[in-house]
Amino acid sequence: MGPPRSKKRKPSFRRLLKTSSVKLDNKMKNRRSKQENTDKKHRKEQKKLRQALKDASIRTPQPLERYKKRPEEEEQEQEDEEEFLENLPTDMLEEDDLEQIRAMAQKASFVTRDLSSSGPVHSKKRKSEQSAESYEKVPRKMLKQQQEKEVIHLLPIKDKKRIIPRSMEKPVTLKEEEETEEEDDAEMEQSENEEEEESAVLLTEEEQEALRAQRVTERKFRIAGLGSDIIADPISNIKKLKELRSMLMETDPFVAVTVRKLVMVSLLEIFKDIVPAYRIRPLTDAEKETKVKKDTQQLRDFEAGLVSQYKFYLEHLEQTIKDWKQQKEKRSQAVGLQSNRSLADVAVRCVCELLVALPHFNFHNNIIIMLVPLMNDKARKVSDMCCEAMQNLFKQDKLGNASLGAVRVISGLVKKLNYNIRPEVLRTVMSLRIKEVDLKRDTEDTAPKKKFMNYKEKRKNLSRMQRKWKKAEEKLEKEMLEAEASESKETKIKLHTETLNMVFLMYFRILKKSHKSVLLPAVLEGLAKFAHLINLEFFDDLLNVLQNLIQSGDLTNRESLHCIQTAFNILSGQGDVLNIDPLKFYSHLYKTLTILHAGAPNEDISIVLRCLDVMLTKRRKQVNLQRAMAFVKRLSTLSLHVLPNASIGIMAANRAILHAFPKCDNLLDNEAQGSGVYLPELDEPEYCNPQSTSLWELPTLQRHYQPVVRRFAAHLSHGAPSEGLGVLGMDLSRRGPVELFEDYSVKDMTFNPPVAAPATKKRDYFTIGAALLDQELKEQVDRVLSCVEEGDDASLDFSQALKQSPT
């Protein structure tokens with residue numbers, strides 16, 4: 001039999017993998033203790049290092065104490081020194097050695113050591129036996145006063161016998177390099193200009209003019225060369241942009257103004273060409289420390305240099321404008337006060353171009369803040385330039401970010417100046433591209449929101465696998481939305497809503513506080529344009545204010561027409577739900593039609609045409625037949641004494657009214673349709689009995705000199721048919737009244753369409769010669785003419801040439 005089997009069971013593999021909790025706790029305690037010891041050692045080393053740095057800063061050598069001596073003692077020392085020098089064997093010494101001995105004799109260290117030093121007099125250890133600990137106590141950075149160039153100490157190399165210290169010069173940053181280079185350039189230019197000025201004084205005027213032309217040509221070639229290099233390769237030649245920008249500080253008085261203007265315009269075009277289509281953000285500290293590829297680093301350097309130079313350029317433009325506004329001379333005295341105005345004009349033009357061309361780039365808000373106060377400047381040229389630039393910005397801004405920033409600054413300026421601004425500043429807001437805001441509308445008009453399910457909804461409605469797929473799908477959709485370059489519709493509407501709220505806030509403040517100011521026309525024009533976007537809560541108050549303004553009698557015809565247009569724009573949009581009958585506005589427009597200007601400044605007609613479209617055509621269900629017929633009759637009377645383009649627009653409005661109210665064709669009949677007599681002088685359209693008259697103006701208009709007026713008059717005489725006899729052509733029927741009024745304008749003093757020249761009549765050409773005369777008569781005429789030339793008396797007898805008739 002074999003040995004007895006052991007009753008102890010062998011541990012299984014699963015059992016061997018098990019570790020007791022005691023062992024795990026011991027491992028954790030060991031790790032913690034090791035970490036604590038490591039941290040403790042690190043703190044001690046840091047403390048020693050700080051103490052070493054502190055000792056090194058205290059250990060700076062101090063001079064020996066010197067006590068003031070009496071004059072007798074000083075004389076005695078001087079005599080002893082002279083005796084010592086005389087007793088020296090100078091015949092055996094050279095001059096250099098003698099000077100060195102004299103210098104050493106004057107120093108205290110030649111006799112004694114530096115008592116303030118805490119170190120030993122003689123080192124017991126040699127350099128080869130120097131330890132690493134003593135090296136660590138030496139400070140890594142020397143004082144700036146003791147070195148010309150700043151040095152960075154690197155980690156030393158430890159050899160078998162010694163420690164080799166290492167160091168390198170601290171790299172100069174881009175900003176410090178630019179500052180030093182600018183200082184050097186300024187010093188060189190100043191010295192060169194002083195020499196040139198001294199030499200130019202001795203020249204005559206012709207020589208000075210030739211010298212100036214030569215210098216301007218040299219500067220032009222330099223500007224052109226730098227500009228072409230930058231545009232050809234902006235990333236590599238970004239440093240040349242700084243060189244070109246330095247020419248903005250041209251100090252040569254002969255060419256300073258011309259060169260600065262050329263450089264301003266050149267930099268403007270260069271920035272418009274090389275600026276990227278995105279905003280450059282500053283790098284974080286972590287991004288700066290991260291190692292990147294060479295191309296990436298080159299791109300970062302380009303972006304940093306571009307932003308820096310662009311900032312310096314804007315600061316120069318702003319300073320140029322400030323110098324002109326404050327009537328200050330430049331520091332260099334190269335540009336006088338008279339030249340500041342021309343430089344400021346160029347600077348303002350450059351700022352306006354940058355405002356419109358680079359709304360997405362850095363410092364655009366700073367440009368807006370710089371430009372908005374200039375919109376209200378006393379100089380008309382500067383103000384108009386800035387207002388035009390702001391209008392162009394509003395027209396081309398599709399997203400709304402730049403428009404919102406500009407409106408904020410304009411609103412702040414209006415409030416700061418207590419509404420004492422030019423109306424043109426307020427009229428720029430009318431160029432905003434706002435067609436939709438965040439109002440209560442039907443769900444069909446707005447795009448549905450993309451809503452993602454939260455965690456509770458997913459767990460309640462979806463299984464585990466469905467949740468997994470849903471999560472991946474939502475993540476993909478979010479990435480797709482982020483990858484899109486266009487802004488979402490919701491963000492755009494939100495920006496437009498905030499912008500329009502600020503605009504209405506300005507308008508309502510002016511209506512409330514300064515309704516008698518010169519800003520009222522601009523406010524009424526703006527309200528007329530954006531009235532359909534006003535919130536429903538303000539309708540009642542705004543209509544009451546407009547009605548009171550009209551009844552006050554302080555408004556001009558155009559201002560009252562703007563009030564009417566605003567009121568009906570409100571009622572034609574969301575105001576459809578309001579049960580309001582604006583009878584007084586109808587009566588006022590009916591009254592105003594007879595006093596409109598019929599000459600060249602007839603722009604009020606376009607406002608009338610817009611009002612008619614809103615009041616009669618779009619509100620056909622709220623207008624009765626009597627009111628519509630009264631307006632058709634008065635408009636036909638008005639079309640007789642206005643310019644041709646106004647007549648065309650008015651007849652186009654009558655055509656739209658006849659289509660909206662077919663029963664108005666009773667005015668084309670000679671027979672009266674009702675009782676009473678037409679009262680043309682009455683200003684109430686409801687009670688003037690328009691059904692008792694006819695449109696006798698149409699036959700008169702059919703004999704108008706303008707062919708389009710004749711066509712419209714004939715069309716209306718046939719009842720404005722859509723087909724058949726008297727129908728209009730497609731070129732006229734598809735255009736609205738306002739469009740026709742503008743198309744056939746006579747602002748350029750030309751007929752539209754041009755009037756044809758009269759037909760030329762055929763002329764009979766006669767041949768002058770002997771073929772038409774009798775031979776005898778011709779000889780007699782020649783004889784008489786020869787006698788006249790010689791001065792003899794002669795008479796022409798035509799009876800001799802007649803043949804005698806037989807009796």
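The questions and answers below take the labels one by one.

Tutor: This is a predicted model, where local features need pLDDT of at least 70, side-chain atom pairs count only at pLDDT 80 or more, and totals for chains, interfaces and linings use all residues. Residues are numbered from 1 along each chain as its sequence is written, and side-chain values use heavy atoms, with hydrogens and water left out.

Student: What makes Cys611 count as buried?

Tutor: Buried means under 20% relative accessible area, exposed over 50%, partly exposed in between (1.4 Å probe, protein chains only). Cys611 has 1%, so Cys611 is buried.

Student: Why is the pair of Tyr310 and Phe363 called tilted?

Tutor: Rings of Phe, Tyr and Trp (its six-membered ring) pair if their centres lie within 6.5 Å; planes under 30 degrees apart are stacked, over 60 edge-to-face, the rest tilted. Here the centres are 6.3 Å apart and the planes at 35°, so the pair is tilted.

Student: And what makes Phe568 and Tyr586 edge-to-face?

Tutor: Their centres are 5.0 Å apart and their planes at 75°, so the pair is edge-to-face. Phe568 is in helix H22 and Tyr586 in helix H23.

Key:
Helices (H or I, at least four residues) and strands (E, at least two) are DSSP runs, numbered from the N terminus.
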